[in-house]
Amino acid sequence: MTTSGMDDPAAPTRPGPGGVGSGAERSTSLGDGTGVTDQPAPRGLPAPEHSSPDVPSVAELAQMDTEQAMLAGAVADGVFVEHRRNRYPVPGTRSEKRAELAVAACFAISFLAMIAFLVVFVAVPFKWVLPGQGSQTFHLYTPLLGTLLGISLFGVGIGAVLWAKWLMPEEEVVQDRHGGPSSEADQLMTAATFKSGFEDTGLARRSLLKSTLGLAGGALGIVPLVAVVGGLVKKPGNKLQTTLFTKGTPIVYADGRRASPSDLQAGGLVTVFPGVEGGVKAADSPTLLIRLRPNQKIKPRENQADYGWNDYVAYSKICTHAGCPASLYEQQTSRLLCPCHQSQFDVLLDAKPVFGPAARSLPRLPLGVEKGPDGKDYFISLSDYTEPIGPGFWERK
Amino acid sequence: MTTTIHSDLPRNFQKPRTPLGKVAKGSEERFGLAAGIRKQLNKVFPDHWSFMMGEIALYSFIILLLTGTYLTFFYDASMAEVAYNGTYAPLQGVEMSRAYETTLNISFDVRGGLVIRQIHHWAALMFVAAMTIHMFRVFFTGAFRKPREANWLIGLSLLTLGVVEGFAGYSLPDDLLSGTGLRIADAIMLSIPVIGSWVSFLVFGDEFPGTDIIGRLYIAHVLLIPAVLAALIGAHLALVVKQKHTQFPGPGNTEDTVRGERVYPVYAAKAGGFFFLVFGVLAGLGGLAQINPIWLFGPYNPAQVSSGSQPDWYMAMLDGSTRLFPQWETRLFGYTVPSVFWPTVVLPTILLTLAAAYPFIEARLTKDRDAHNLLQRPRDVPVRTSLGMMAISFVVVLFIGGGNDLVAKVFNISMNAMMWGLRIALLLVPPMVYMITYRLCIGLQRHDREVLEHGIETGIIKRLPSGEFIEVHQPLGPVDAHGHGELEYAGTSVPKRMNQVGGATRAIAGFFRPVREKPDVLEQLEAIHQAELESSVSHGGSVEVQAHRRQLPE
């Protein structure tokens, strides 16, 4: 990089007509620039020597060095280099070498980190091993890869930024925005072009074409949408109103074993499912089977007096707020908490919401028992839930 | 151009000899790019730290595309049930979906897969965070004003889509945590009046969870939404290039000019370097900071959930509003509008509409229909600044609400007290923040005027003959007969300490020893300044200086 042209009075930065530097020169060049548009050079003829005061001729450019030609190009683009200075006017000084060394060190560290990354990637074991059954070094694999990759990328980044900040010339450049609207003449001509084209189509006169095109266009716009959405539409039917529990459905645990009244201690709680195909996986079927403590009594809802069985009650586990499983049970207070939005249900109040955003009690499953083949009692549901479980929806009564 | 001219040209103007030169010449003859490319190389970018936020968002998006494409090689968006048989022993034999199994495989059986997965997740968080902060910057400095309203709307769409995209990606592993999130999303759809259950069945293809959702989320996550995001980002950047950057006022920064550094080489080096810095930080996070360890959550199971379930950060606000909203379920004529509808559908719609409409509301209220290229300092527009802070405080309360169980646990506060406290705070804090911000803005404005009028406090105490003590003030410019500064406030930062106006030497900086000017550079600079001084004098024709000048090395 030459030092000429960098605020060095010995070599004026003005590359030719147009000029770089003071605001006075700039406004002159702009004024001349607007003048040129009035007399455009005729097409097909060689451009005159000074086609624009902003653009030097080839002969003039031939006399310039690289930097002067660059500055001339900038001026042609409405970019004015107001200040430009080599950070190290005399090449090869100690501090320049130090800066260069620092940048080079960044790139070198990046290179070394990448090599180390490759070594780790290939050589360090990465397969998960149970503790006690082999080396646990795999735990280091991901942290090492991330760190080394991070160092490598960061090294390149820091190096590039420092290079720009320490070694490249500092410059202050001002550019004209030219952001505003087009000239009024341009606007008028463009409007006329649109208008003339529209008139050429004759749409204004040919109302038959207009209306039929409108119909066709409208149909093309809407029909594919119907086809796409139509394929996706599924009728909810009564799926939201029902679960897999029916009259006499056996009640089972997650592993498929049937639930029996002798399984739970007083105050215990367990999640149960309908013992039918897909019952354990269905999102609307998880149910809480709770054994009350001897002194506890529930005041049931209307018509639900016989839904319990002895000291057992069963409620839907799906929160009536947003559908998460209300799975945290505080035995002391008999409260159920939904961990998603902290709705709390009091089991002794018939699973009524006592705090948080939930508005409805958890639906209750009518419980019964039947004798199994082994002569033991096993739980069954006496019917489906008598109201929809889970979050509310429009059609819910 | 005749050959005679060519023969006169210096070497670099002659026929290209280097391979690069030949390629350039060849392209020029075919595509005619020279003038257009030079214009882009010379484009001027202003420099301000707050302009980096959008860049971080852009770079995060690129990193998301890179890492995300890698992940698709191994991920299978299928809800088919399989029994896990991979490396991670604690889950062996567990029934799970293919989606969860392949995500486990990426984490345990693909060499380096986990670090890429974690970089991808961190980049997603960074993407949304950077866009959010970028929007704050644009809002508080008034960069959204005419002519940039379109870019404000594009930005808002990008932010909204970014959140949807993030949620879709977060749901893909089909683990317990994300499945619970999907179930809440289902409850939100169900809550929409009239069409809710149809929307839910349309999206899930059946009653929740069905067997389609992961596949549909996948194609939305890897194709549909990224394509729209990329198109919007393209439009956003094209508008920035066309309309150019906004900038704080200053010498050379006017409504008609932009001041900074040209794209090539300085800005390109800085921005390119910055991309690697962002990537480096994300790679470090991806390696060192574990995120979304799905193997600890287990596969999705509608009957299970763990306490302390937290979504990604950008969902916390929605989660908070859902937690704090009261149990107001309405029943009308035998139909239900669940309470979930208000905080999750209505509230975000209102907030987004307000944000989208803000540039137009402000233009109407201030009757300001002019185009603006210069930024405003937040203090100079107290109403806007206070409104923005009010909105942020509202969202921050909701954000805390999204983790109210964790806050209650960590600080040993009653969950119920926490919930009620936040409900009240949601109504009280925003107006309070509005008032405080407004007073702060006015105070800062007054202090600017005060310094312009009376000068900078120098810290020098003078005793007058009368015995009175006064502090000496340094005026910033010319003063009138009463000693009051004549400088007008120019919408830019006013220096308030002496060392901001060169009145003191640089404060000693440095970790181990004081940083001093580099002596050799200092000497050179002095020599050059001296030469400059002399040459300017020499135009005046001073013989002495001319004589002195000859002694300087040329």
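Reader: Is strand β8 (residues 469-474) of chain B buried or in the open?

Author: This is a predicted model. A residue counts as buried if 20 or more other C-beta atoms lie within 10 Å of its own. In β8(B), the number buried is zero of six residues, so the strand lies largely in the open.

Reader: Which strand pairs with β8(B), and in what sense?

Author: Strand β7 (residues 456-463) of chain B does, in the antiparallel sense, over five bridges. Take Glu457(B): its bridge partner in β8(B) is His473(B).

Reader: Where does a strand of chain A pair with a strand of chain B?

Author: Go to strand β2 (residues 170-176) of chain A and strand β4 (residues 257-262) of chain B. They are joined by four bridges, in the antiparallel sense. Val173(A) has Gly260(B) as its bridge partner.

Reader: How many residues does each chain bring to the contact?

Author: Chain B gives 100 residues and chain A gives 83. On the chain B side, helix α11 (residues 263-288) supplies the largest share, 17 residues. By class, that side has 46 nonpolar, 34 polar and 20 charged residues.

Reader: What describes two packed helices?

Author: The angle between their axes and the distance between the axes. The crossing is left-handed.

Note on methods:
Residues numbered from 1 in each chain as written. Chains lettered and ligands numbered in written order. Predicted model: local features only at pLDDT ≥ 70, side-chain atom pairs only at ≥ 80, totals over all residues. Left-handed = near helix turned anticlockwise from the far one by under 90°. Helix = DSSP H or I, 4+ residues; strand = E, 2+ residues; numbered from the N terminus. Contact = placed C-beta atoms within 7 Å. Nonpolar A, V, L, I, M, F, W, Y, C, P; charged D, E, K, R; others polar. Pairing = 2+ DSSP bridges. Buried ≥ 20, exposed ≤ 12 C-beta atoms within 10 Å, placed from the backbone.
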